[in-house]
Amino acid sequence: MSFRNSLFTSESVSAGHPDKVCDQISDAILDEFLQRDPRARVACETFALDGKVIVAGEFRTKDPEHFHAVRDAAVGIVRRTLLDIGYRSDNLGINPNICHVEIDFNHQSAQIAAGVDQGETLGAGDQGMMFGYATDETEALMPLAWSLATDLIAEGSRLRASGDSPLKPDAKSQVTVRYQDGSPIGVQAVVLSWQHRPDESIEDVRAYLLREVIDRIVPAEQRTDDFRIFINPAGAWTIGGPKGDTGLTGRKIIVDTYGGACPHGGGAFSGKDPSKVDRSAAYAARWVAKTVVAAGLAKRCTVQIAYAIGVPEPVSVSVDLHATASVNEAQVTEAIGKVFDLSPAGIIRDLDLLRPIYRGTAALGHFGRWRDPAIHKWEALDRVDALRSAVAESRPIV
């Protein structure tokens with residue numbers, strides 16, 4: 001994506017969005033497996049619709065009892081997750097206490113298992129390419145449009161959780177940023193749509209969202225002269241969540257990553273254990289890209305890592321510094337190979353990915369300031385000095 005002189009838009013969605021509901025349920029199931037067996041193999045999908053949630057997938061545990069225990073607990077996990085998100089009644093979203101929950105767990109294919117787990121070696125859980133990105137536009141080294149869209153959702157969600165608010169769980173935001181000479185110069189537009197209580201007028205809801213959310217997150221000095229605001233532009237919105245629209249795991253991959261500011265390999269994160277490089281290598285690619293920018297080697301960085309199923313080492317690692325680098329791009333690529341172990345086993349070890357931390361990553365994006373580097377180690381800056389040293393020691397490549 002070229003940011004030279006243009007407008008760029010990103011979106012975010014709340015934890016109560018039907019697709020995000022499904023992501024959180026799938027990751028709650030994953031966490032339950034990892035709690036019992038850190039080496040469990042999990043590929044969990046969730047489908048939510050009016051009054052019904054279906055959870056299915058392929059799983060493998062060392063002890064078969066763990067498989068059966070999670071399967072038996074799955075209905076309760078679904079209901080607790082819906083309650084935690086904020087759903088209470090079926091007339092506005094979904095009722096966790098009475099909705100129908102269907103569980104269909106299958107065992108992982110023996111052929112896939114044999115290709116991935118090769119004794120002490122761990123092969124990639126699938127083929128594919130994963131992208132990581134970082135930019136100096138924000139303190140968290142994330143794109144500005146995505147960051148503001150996510151902050152809008154986070155602020156509204158905080159108000160809703162406080163209880164003194166007309167807001168319900170489902171929401172979407174969108175922010176457009178104007179760029180000049182490659183740098184953001186102002187916010188051009190904000191779109192914010194939020195499910196609300198039926199006893200609140202649309203005029204009151206719009207005034208509340210403007211005053212309590214938009215004006216807090218997008219200050220006047222950050223807005224362009226032709227700044228525009230659209231609040232619930234379709235009118236009243238009282239029916240949300242799975243009652244308003246069906247949800248499915250993995251349909252918000254751009255919200256989960258960088259808001260479209262860099263390419264995406266197409267693989268979703270939620271419901272997948274870290275042997276699946278769709279998840280673990282995407283985290284590693286963010287770790288690498290963030291380290292490059294934090295080290296002052298470039299203002300923007302995109303990292304692509306590609307794998308073949310069952311093969312431990314990446315097929316390729318490539319780096320794009322978007323003509324913002326202070327050093328030779330090839331030097332940075334060479335240094336990355338010295339500083340980071342990008343094999344699946346190396347990523348899992350260095351980022352400590354066998355912990356049950358995934359339900360908490362399934363809303364507000366998987367990267368940026370909403371992630372704690374002590375927990376989400378792909379946001380840590382522990383390799384900055386090592387990468388600087390490796391680049392300094394490498395020979396310039398013409």
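Predicted model: local features only at pLDDT ≥ 70, side-chain atom pairs only at ≥ 80, totals over all residues.
Now the overall picture. Of the 398 residues in the chain, 54% count as buried. How does the radius of gyration fit a compact globule? For 398 residues, such a globule would come out near 21 Å, and the chain has 22 Å, so the two agree. The secondary structure consists of eleven helices and 13 strands.

Let me zoom in on a pair of helices. Two packed helices are described by the angle between their axes and by the distance between those axes. Here the pair is α8, residues 277-294, and α10, residues 344-351. Their angle is about 65°, and the axes are 10 Å apart. The crossing is left-handed. Which residues meet there? From α8 we have Val277, Ser280, Ala281, Tyr283, Ala284 and Trp287, and from α10 they meet Pro344, Ile347, Asp350 and Leu351. By class, the residues of this contact divide into eight nonpolar, one polar and one charged.

Let's stay with α10 for a moment. Its buried residues are Pro344, Gly346, Ile347, Ile348 and Leu351. I'd like to pick out Ile348, which lies in this helix. Is Ile348 buried or exposed? Its relative accessibility is 8%, below the 20% cut-off, so Ile348 counts as buried. Setting aside neighbours within four places in sequence, Ile348 is in contact with Leu122, Pro274, Ser275, Leu353 and Leu354. As for Lys290, that residue is 58 places from Ile348 in sequence, and the two C-alpha atoms are 18 Å apart in space.

Next, backbone torsions. Just after α10 comes Asp352, with a positive phi of about 55°, although Asp352 is not a glycine. Asp352 sits in the loop between α10 and α11, the latter being residues 384-393. With a relative accessible area of 32%, Asp352 is partly exposed.

There is another residue to look at in this context, Asn232. Phi of Asn232 is near 40°, again a positive value in a residue other than glycine. Where is Asn232 found? Look at the loop between β10, residues 223-231, and α6, residues 241-244. Asn232 has 1% relative accessibility and therefore counts as buried, whereas Asp352 is partly exposed.

My last stop is Thr238, which also has its place in the loop between β10 and α6. Thr238 has 22% relative accessibility, so this residue counts as partly exposed. Which residues does Thr238 touch, leaving aside neighbours within four places in sequence? The contacts are with Leu92, Gln195, His196, Arg197 and Pro198. Trp194 is 44 residues from Thr238 in sequence, with 8.6 Å between their C-alpha atoms in space.

To recap the local part: α8 and α10 pack at about 65°, Ile348 of α10 is buried, and Asp352 just after that helix has a positive phi.

Key. Residues numbered from 1 in each chain as written. Heavy atoms only, no water. Axes fitted to C-alpha atoms, helices over the stretch in contact; angles between N-to-C directions. Helix = DSSP H or I, 4+ residues; strand = E, 2+ residues; numbered from the N terminus. Left-handed = near helix turned anticlockwise from the far one by under 90°. Contact = heavy atoms within 4.5 Å. Nonpolar A, V, L, I, M, F, W, Y, C, P; charged D, E, K, R; others polar. Rg over C-alpha atoms; globule rule 2.2 N^0.38 Å. Buried < 20%, exposed > 50% of the residue type's maximum accessible area, 1.4 Å probe, protein only.
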